[in-house]
Amino acid sequence: MAFNQKDIISIRDFDRKDIEYILKLAEEMEPIARSKKKSDALSGKLLGMLFYEPSTRTRLSFEAAMKRLGGSTIGFAEAGTSSATKGENLTDTVRIVGEYSDALVIRHNMEGTARFVANIVDVPVINAGDGAGQHPTQTMLDLYTMKRILGRIDDLRIALVGDLKYGRTVHSLAYALAKFDVDVSFVSPKELKMPHEILHDLSKSGVDVYETDSIHEVLDKTDVLYVTRIQKERFPDPAEYLKIKGAYTITSKLLEGSDAIVMHPLPRIDEISHDVDNTPQGRYFEQAFYGVPVRMALLKSVIK
Amino acid sequence: MAFNQKDIISIRDFDRKDIEYILKLAEEMEPIARSKKKSDALSGKLLGMLFYEPSTRTRLSFEAAMKRLGGSTIGFAEAGTSSATKGENLTDTVRIVGEYSDALVIRHNMEGTARFVANIVDVPVINAGDGAGQHPTQTMLDLYTMKRILGRIDDLRIALVGDLKYGRTVHSLAYALAKFDVDVSFVSPKELKMPHEILHDLSKSGVDVYETDSIHEVLDKTDVLYVTRIQKERFPDPAEYLKIKGAYTITSKLLEGSDAIVMHPLPRIDEISHDVDNTPQGRYFEQAFYGVPVRMALLKSVIK
Amino acid sequence: MAFNQKDIISIRDFDRKDIEYILKLAEEMEPIARSKKKSDALSGKLLGMLFYEPSTRTRLSFEAAMKRLGGSTIGFAEAGTSSATKGENLTDTVRIVGEYSDALVIRHNMEGTARFVANIVDVPVINAGDGAGQHPTQTMLDLYTMKRILGRIDDLRIALVGDLKYGRTVHSLAYALAKFDVDVSFVSPKELKMPHEILHDLSKSGVDVYETDSIHEVLDKTDVLYVTRIQKERFPDPAEYLKIKGAYTITSKLLEGSDAIVMHPLPRIDEISHDVDNTPQGRYFEQAFYGVPVRMALLKSVIK
């Protein structure tokens, strides 16, 4: 078996073989995730869910993944219902829930929390997002979505669009794509360009990167438009923000003549117009669904 | 099979045959709901629970129903632990949770939400109350309670008591009773009478309706007293409210000499005195229990 | 079978035979709690969890216990997501959830709540802590921890340390230890001594009790140091509090030369230094884990 990770902390801990192993296993999981087949692969097993920050998609898709495999979950959906309100520190809480569980999923607003937790508990730890840090299972499902819809990852032309400076999702995805043979374009306003050190790392990995501030420039040579939100707070001048927001909004009109599929990690606010939702190109809800089989594959792989 | 509803949105979508089908199936479910028999009819299945408004009875009885049938649930119990706090709109959240689940149960404070949701997701949607709108599973369990305790619905003499103007429960129940051959009395203060359009609809359906402001007038010719709360906010004058409240409070003394059973959708505050709780007439806790077999019947019918 | 309790309200309701029965059964549960064996002993069964006060350890370990045995849970983790916010009284809520469930676990901030609830519902009730009152399953797991680690309870020398005046945990534990043949020391600042009536009860039970304000005095003749938190609020003078806190803080340095194991009901704040966590003496995380097999034994015993 190719996969020998105990913890799922950062996509950078995985090599191409690991990732391919998970994507393949996720494909086997899909009929179960779609409720077309039953499984009791994880029956009797318990997943501890420590969500110090609220999250619908990530939390519910982990729960769905565990339950579709016959397992159960325990935990909390926000810090308020945990002993955090009594002043108990994170260390004690995770050690205790680790004692009750066969694996832990943790989301926290502080970068580095997942790695810290993995070092103090015996059971496998899956990072479900730690602040500005990593969210590796999101990247896995992004890759799975491309492969599932377009049949491959190698040779794809992928444009990452929006806030490339602060978005942890696009950072992780960029590193993961560097393990494949792809064409990557970075499309962002000049204020929100991909950080230099990431560009540097990618070029060291042999990835050809193209930077532009215009979606139009890449649209007809792109297979995947991966869109992220540009936040108002990034711009001191509201007028500047409005102008930029307009230029990075995906509409069905913009997509006319393009074959690109549109992906988004969600939640979106208005960076993708609702008229894209029901087109053959708008695939972000399907992408959200793929979180379930991908997380099933990961849970099945780490829980003994 | 008589039952071919995909979504459970309004009791008005059901004809008598549909309702009878569910009541019959609920009877088969009862031993499982009482933990006297086991079932894995929905094992491997997932119910998405979207409770934008808190609720104990409705939420927990849906969960109990799903779990007694071997299924699992995912979701949230209040808007706070969902991505609603990140500004994600309802549409995206329900589409995503719909992707993870085999059916959705939704409660929301805005009338029409359930129908709206049913139109945008592929899986069956069950309305667990949408504001001033509908709460059809409550009506089903009300009917089941009558049939279960009194052996039939036809020929019953039923008095709906309390706030008949604003109470969505009594509106739905009135429409449902119109499908049967019953005697209905509406007992309310004159400020809180059943709305004209509902009276009109009922009379078109051939139901004989009697209106009064006095419980005493109907008490000895009633099989079922269905009591609802009169809210203080409905009365500008607190003294007027107190007087009226007194006249519509059910006590064991009031019930002396009557054979009527007392039902209530709960929660009650003080419109039924606690001395009724343990009498053979006070059946509202039993009624609450019947929410489980009725919802089992509905879940079993809509989840494929 | 020795065990014939329906409700688990106070450790004082149990005789030595009952306790030994549970401890023995907990040992059989341990491999299942550790996920080394599977069980469906409670499959199809529902545990109602009514947590009016938040709690991580107690709530999650009950959930883990129920789920490891193949059962399910319903309920709420804080009063906010229940109908309590609509003004529904406790009595109605517990009767309703009692109708849905095969047993109830309740935590509430008001002493006596669990006994009150046990009197109004038909299903077994387990007290998960009612304010200044009882928390019997904590005491059971405390006893199990001693027996499991040290091989016996009889003949152990046990020091209860910290706030012995207000701590419900040490009160219950003291009563339970009185059923065994043990040596008990009470170590506390003079302001926080064990209440007279408890000392009196213990001496009537034939327990030899030793009181002191110095840990050092008992350290080399103690098998178990059971530590509890001293709360700042107990002292009008902050300087006095700081002085006392220092004298009752357990550090690995303090433990040098002692063989005692260190237990704590958790959460701890700083009364046990983190350098004790990974020593062979610091056993409080293991103790927390034992909450699972002990609660499995109790659930299995009361749910029919």
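These questions and answers walk through a predicted model, from its chain interfaces to its domains and backbone details.

Me: How many residues of chain A are in contact with chain B?
Reply: Contact here means heavy atoms within 4.5 Å. On the chain B side, 29 residues take part. On the chain A side, the number is 27.

Me: What area do chain A and chain B bury between them?
Reply: Carbon and sulfur atoms carry 50% of this buried area. The total for chain A and chain B is about 2,400 Å².

Me: Which residue of chain B forms a salt bridge with A:Arg68?
Reply: The count between chain A and chain B is two salt bridges. In the one formed by A:Arg68, the closest N and O atoms are 2.7 Å apart. The cut-off is 4 Å, so this pair qualifies. The partner is B:Asp102.

Me: Which helix gives the most residues to the side of chain A that touches chain B?
Reply: The rule finds 11 residue pairs in polar contact across this interface. Helix H2 (57-68) and helix H11 (284-302) of chain A each supply at least two residues of the chain A side. With eight residues, the top contributor is H2(A).

Me: How many charged residues does the side of chain A that touches chain B have?
Reply: The rule finds 11 residue pairs in polar contact between chain A and chain B. By class, the chain A side has 11 nonpolar and six polar residues. Its charged residues number 10.

Me: What area do chain B and chain C bury between them?
Reply: At this interface, 27 residues of chain B are in contact with 29 residues of chain C. Carbon and sulfur atoms account for 50% of the buried area. The total is about 2,400 Å².

Me: Which residues of chain B lose the most area to chain C?
Reply: Chain B and chain C bury about 2,400 Å² between them. Three residues together make up 24% of what the chain B side buries. They are B:Thr56, B:Arg68 and B:Phe285.

Me: Which residue of chain C forms a salt bridge with B:Arg68?
Reply: Two salt bridges are counted between chain B and chain C. In the one from B:Arg68, the closest N and O atoms lie 2.7 Å apart. The partner is C:Asp102.

Me: How far apart are the C-alpha centres of domain 1 and domain 2 of chain A?
Reply: Domain 1 of chain A covers 11-134 + 288-302, and domain 2 covers 137-287. The distance between their C-alpha centres is 26 Å.

Me: What area do domain 1 and domain 2 of chain A bury between them?
Reply: Here 32 residues of domain 1 of chain A are in contact with 28 residues of domain 2. Carbon and sulfur atoms carry 59% of the buried area. The total is about 2,500 Å².

Me: Which residue forms a salt bridge with A:Arg148?
Reply: Four salt bridges are counted between domain 1 and domain 2 of chain A. For A:Arg148, the closest N and O atoms of its salt bridge are 2.5 Å apart. The partner is A:Glu30.

Me: Which residue does a cis peptide bond join to A:Leu266?
Reply: A:Leu266 sits in the loop between S9 and H11 of chain A. Omega of the cis bond is about 0 degrees. The residue joined to A:Leu266 is A:Pro267.

Me: Is A:Leu266 buried or exposed?
Reply: Phi of A:Leu266 is near 60 degrees, a positive value in a residue other than glycine. Its relative accessibility is 8%. Buried means under 20%, so A:Leu266 counts as buried.

Me: Is C:Ser35 buried or exposed?
Reply: C:Ser35 lies in the loop between helix H1 (16-33) and strand S1 (46-51) of chain C. Phi of C:Ser35 is near 65 degrees, a positive value in a residue other than glycine. Its relative accessible area is 15%, under the 20% limit, so C:Ser35 is buried.

Key
Residues numbered from 1 in each chain as written. Chains lettered and ligands numbered in written order. Predicted model: local features only at pLDDT ≥ 70, side-chain atom pairs only at ≥ 80, totals over all residues. Heavy atoms only, no water. Buried area = accessible area lost by both parts, 1.4 Å probe. Salt bridge = Lys/Arg side-chain N within 4 Å of Asp/Glu carboxyl O. Polar contact = N/O pair within 3.5 Å; in protein donor to acceptor, adjacent residues only side chain to side chain. Helix = DSSP H or I, 4+ residues; strand = E, 2+ residues; numbered from the N terminus. Nonpolar A, V, L, I, M, F, W, Y, C, P; charged D, E, K, R; others polar. Buried < 20%, exposed > 50% of the residue type's maximum accessible area, 1.4 Å probe, protein only. Domains from an automatic or database assignment.
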